[in-house]
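Notebook open. I list what I looked up, in the order I looked.

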Amino acid sequence: MASKLLLITVFVLDLIAFGLAVAAEQRRSTAKIVQDSDKYYSHCVYNSDIATGYGVGAFLFLMVSQILIMVASRCFCCGKPLGPGGSRACAVVLFIICWVFFFIAEVCLLAGSVENAYHTKYRTFYNVDNPPSCEMVRKGVFAAGAAFIFFTAIISEFYYINYSSAREKFQPYGGAGETGVGLGSYK
């Protein structure tokens, strides 16, 4: 049986990561072009930079969640073999999908955080026709990360449940149990 404590812990971590990613999307930095009092130069003024912290927090919570699932399942490749059947096949497919969704979510969160932290610092002198370009995060980068956090959460939970089910169904060849001898005894 899958560990309920692990499933609850991973769910809470994924829920926190999802909330932070949504908060990062809502609090993205915005910029406006401001001229000095003498009208000699223009520069970009950014509002709050909190979305970077939210994005990094979501990144870290999702990473911890994924690490917990992979340690508990021994990253699917270590530990005792899995019993053949539908649970093992589902676990293999869900393992691959889980890693793909995790990678996409982490890339979105990292890219959004880096882009949100980048603020243009240069000024333009006497050039009203060509104002500075105030770089900002595109709308939806953190939202895409949040969506893939949601997908990762669902798939990783199902992966662990199927993995646990297949692990419990394993019977060594010959019915030798835990002795390591699979051919039975000779008399």
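**Ground rules**

I am working on a predicted model, where local features need pLDDT of at least 70, side-chain atom pairs count only at pLDDT 80 or more, and totals for chains, interfaces and linings use all residues. Residues are numbered from 1 along each chain as its sequence is written, and side-chain values use heavy atoms, with hydrogens and water left out.

**Overall fold**

I began with the secondary structure. I found four helices and three strands. I took both from DSSP runs numbered from the N terminus: H or I of at least four residues for helices, E of at least two for strands. Along the sequence the pattern reads α-β-β-α-α-β-α.

Next came burial. Of the 187 residues in the protein, 35% are buried. My cut-offs are under 20% relative accessible area for buried, over 50% for exposed, and partly exposed in between, with a 1.4 Å probe and protein chains only.

Then I looked up the total surface. The protein exposes about 11,100 Å², and carbon and sulfur atoms supply 67% of that area. Accessible areas come from the Shrake-Rupley method with a 1.4 Å probe; for residues, only the protein chains shown count as cover.

I also checked contact range. A contact means heavy atoms within 4.5 Å. Among contacts between residues at least 6 apart in sequence, 81% join residues at least 24 apart.

**Helix α1**

Helix α1 covers residues 4-26, which is 23 residues. Its C-alpha span, first to last, is 33 Å, close to the 33 Å expected at 1.5 Å a residue. The expected span is 1.5 Å times one less than the number of residues.

Which helices do the buried residues of α1 pack against? They pack against α2, α3 (86-117) and α4 (141-168). The buried set in α1 includes L6, L7, V10, L13 and D14. A17, L20, A21, A24 and E25 are buried too. I kept one rule in mind: an α-helix has 3.6 residues a turn, so residues three or four places apart point the same way.

**Nonpolar patch**

I then searched the surface for nonpolar patches. My patch rule takes residues with over 30% relative accessible area and no salt bridge, joining like charges within 9 Å and nonpolar side chains (Val, Leu, Ile, Met, Phe, Trp, Tyr) within 5 Å. F18, V22, F150, F151, I154, F158 and I161 form such a patch, with about 580 Å² of accessible area together. The elements giving two or more residues are α1 and α4. α4 gives the most, with five residues.

I looked at F18 in α1. F18 counts as partly exposed because its relative accessibility is 31%.

**Salt bridge**

How many salt bridges does the structure hold? I found one. The criterion is a side-chain nitrogen of Lys or Arg within 4 Å of a carboxyl oxygen of Asp or Glu. The partners are E25 and R28, at 3.4 Å from N to O. Both ends fall on the buried side: E25 has a relative accessible area of 12%, and R28 comes to 19%.

**Single residues**

Q66 lies in helix α2 (residues 50-72). Is Q66 buried or exposed? Q66 is buried, because its relative accessible area is 3%. I skipped residues up to four places away in sequence and found Q66 touching C98, W99, F102 and T152.

N162 is in helix α4. At 17% relative accessibility, N162 counts as buried.

F101 sits in helix α3. F101 is partly exposed at 21%. Its contacts, again beyond four places in sequence, are F148, F151, T152 and I155. F101 and G145 are 44 residues apart in sequence, yet 9.5 Å apart C-alpha to C-alpha.

Q35 is in strand β1 (residues 31-35). Q35 is partly exposed, at 37% relative accessibility.

**Record check**

Last, I compared with UniProt. Its unreviewed entry places "transmembrane region" at residues 56-77, 89-112 and 141-161. Positions follow the numbering used here, feature names are shortened, and annotations may be inferred rather than shown by experiment. In the model, residues 56-77 are 77% helix and 0% strand, with end C-alpha atoms 29 Å apart. Residues 141-161 are 100% helix and 0% strand, with end C-alpha atoms 30 Å apart.
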